[in-house]
Amino acid sequence: MRVTQNTSSNLVLQNLQVIQQRQDVLEQESSTGYRVSAIGDDPAAAQQIVRLNTQTAATNQYARNINAATSLLTMANSSMSSMQDVLTSVKQLAVQMSSGTYNAQDQAAAVQQLTQLKNQLISLGNTQLNGTYLFGGFKNDTPPFDTTGAFTGTADSTNIEIAPGTSVSATYSGSQLLAGGGGGVNAMAMMDNLISAVGSGDQTQIGAQLSNIDQVTSQVTSAEALVGSSMNRLTTATSVGQDSNLATSQVVSTLQDADYLQVVSDLAKQQTAYQAAIAASAKVSQVSLLDYLS
Amino acid sequence: MDIGSSALTAQRVALDVAGENIANVNTPGYSRQTAVLQSQIPVSVNGLPTGSGVQVATVQRAYDSFLQNQLVAANAVSGGTSTTNSAMQMIQPLFNDVSSSGTGGLSGPMQDFFSAWQDLASNPQGVAERQAVLSQGQQLVDAFHTMSSGLTAVQGNMNQNLQEITADANNQLKQVAALNVQIQAAQAQGTQANELEDQRNYLVQQLSNNVGVTAKEESNGTMTVTLATGSGGTTLVSGNQAGAFSLQANTSNNGFYDVLVAGPDGATSNVTSQLAGSSAPGSLGATLQMRDVTTNNYLSGLNELASTLVQQVNAAQSGGYGLTGSTGVNFFTPTTSAADMSVAINSTDQVAAASTDPTTGGTGNNINAQSVAALANTAFSMTGGNMTLGGFYTSLMGQVGVGVQSATQNDDQATSTINQLNNLWTSNSGVSLDEELTNLTSQQQAYQGAAKLITVGTQMLDTILGMIQ
């Protein structure tokens, strides 16, 4: 091939440009830390990165949902165990009053005690978290139990999504718990009956309420079991979410992050090549036939 | 003596040619020339054939018409790829969901919007959560607007570029026609017009970069230039007549320009779609292609996403109940275009989290908020099959990414083709100083020899004349 001055100078220029382009890419990788910082760099990887990032963001959102559900359930759980304590006291008192003889004073004291226990049960039924009444169903911005113990809430329970397509009940309605909804025993009516029976010393009636007390206790126990299993699911969902986020971030990192060692060593190679190319082209273009003609 | 004088003349011409070559070593498009020497017809002296010196038969230029045609074709491709590449570089940031600065793209805002509904489901009465739904909705709308207006701006840009490209091309067409006249005149006189032909060839290469053309040299020395849009391309230059491009706003295409060609014969034709579909488009064709095809595809994808999102969110939101019992209220103003998207509600009470009237059924009802949030994971029937909104966007983004990648690769490839052809061209037609200097030396020596011949002849004559004295 015939070579002219312009052939060599064009070649030098083109080759230097190729080296500089490579250097530019490497410098961008090393300064951003990303191998893929534009969708055109690697469209297939970019699509995967976006999908995985969306997944991570969704998992983070589910973690927030799980936190919200956890605080609701923890609060519900602690008021349910307090209800158990109240019911235990009620039962002790009822058993005590259903046998033996008591004078009017004893009866009055027992009535007073039971009234207080009922009020405790009402106030536990009106437990709040951040202004939300836990046992009110969907009507959770007003106290679900009024001063007489009548239930004004709804029988709904709030579902919260904790994973795609998976929800847990984050609340348990007071209707099933204490107000006799779903074929259960109304605890407040039971208390009222008990109080009037104790007041009148009607031991048969007191005895009849004992089974109702047991029934209410088992209602609360099964609610507690439900809350407990929900909380277990939340714990599992949390750790699944954390594991998946960890795995996702590793994959994203493999797809997107620059391999610094590789980048730095490539950059050094390109710089050496650049210097060599400049030095060589300077030497080549120095030589001319003109130097030898006089 | 005659032989010596013919040699002097011939070597002087050869020296002139070498001088011209050296002077034009860096002139773009200049092909090196060679003086072709030829011995003159011998004469018979005393029955013996005796040489009668040398003459310059012709001044030839090193020119390869095949290479020229390849350069014209390669320029048509390269003009197109560089235009496409720079346009794609403008589009890329709009869809760049993986940028290191975290700007650009829709996947973030879309995720945030549905996350806000999730938060609302956890606390359906919360004013802060309701406000978040509204403001994330607004941010989503803003993101759609940014992308849509960015794409429209690219189209507008492309449209404006047509003015400069066609003005440049028209100028080049006129110059080619003018050179045709001069070259034809020179050939009619029997002289060569090497430099003019070089200029014309170079001009056609540059023209092809603007508008893909093919050029054909006629027997009378003129060049016929036609649009490189397959067989039957419109003629642009014929003899001394140059055609011209003109632009005309087309109301049925957003008022964008149509490209018309007034041919040398005076007939005007609309070549817009012909150019946009050409495989050797030049800048002009690629500009039209970006404006009318590529960008439009991205825009229609974006509009489809916007329209599905608006429709689905509206259907879910209007089926639910706001905090004060409002129902049937749209979240977004119904539209099918990303540019016209807007949030339709302004009161936080109207955000429908509940599936029944909260004034009677309780404000804790979060069922509708969950339904809206679940839209993020629901597959809808869209172009390309059943997919989620996020999936549709990701594939649209992938399309743009592949577009950017192939535009870059095509441009690199076209540039390297041009480089390689230019190297071949400089190798074939370029001036080598070493060669010219060597020629110069040999011509100088030949000149000295011829001069010596005349000196010897003169001395011989002197001798004869001396004898007479």
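Gln111(B) sits in helix α3 of chain B, residues 107-122; helices here are DSSP runs of H or I with at least four residues, strands are runs of E with at least two, and both are numbered from the N terminus. This is a predicted model, so local features need pLDDT of at least 70 and side-chain atom pairs count only at pLDDT 80 or more, while totals for chains, interfaces and linings use all residues. Residues are numbered from 1 along each chain as its sequence is written, chains are lettered from A and ligands numbered from 1 in the order in which they are written, and side-chain values use heavy atoms, with hydrogens and water left out.

Is Gln111(B) buried or exposed? Its relative accessibility is 14%, so it counts as buried (under 20% relative accessible area; exposed is over 50%, partly exposed in between, with a 1.4 Å probe and protein chains only). Setting aside residues up to four places away in sequence, Gln111(B) touches Thr54(A), Ala57(A) and Ala58(A), where contact means heavy atoms within 4.5 Å.

Now for the nonpolar cores, meaning sets of buried Ala, Val, Leu, Ile, Met, Phe, Trp, Tyr and Cys residues joined through side-chain atoms within 4.5 Å. The largest has 67 residues, and Phe95(B), Trp117(B), Phe144(B), Phe331(B) and Phe332(B) touch the most other members. Another core lies apart from it, with 49 residues, among them Leu124(A) and Val185(A).

Trp117(B) turns up again among the contacts of Ala352(B), which also include Gln317(B), Tyr321(B) and Asn368(B). Ala352(B) belongs to the loop between α7 and α8 (358-361) of chain B and is buried, at a relative accessible area of 1%. Its C-alpha atom is 4.1 Å from that of Gly322(B), although the two are 30 residues apart along the chain.

What about helix α7 of chain B itself, residues 282-318? At 1.5 Å a residue, its 37 residues should span 54 Å, and the end C-alpha atoms are 52 Å apart, which agrees; the expected span is 1.5 Å times one less than the number of residues. Still, α7(B) bends by about 40° at Met290(B), the bend being the angle between axes fitted to the seven residues ending there and the seven starting there.

Finally, chain B has an open sheet of 3 strands, in the order β9-β10-β11 with antiparallel pairing; two strands pair if DSSP finds at least two bridges between them. The edge strands are β9 (244-250) and β11 (268-270). Strand β10 (residues 256-262) is joined to β11(B) by 3 bridges, and Leu260(B) stands opposite Asn270(B) in β11(B).
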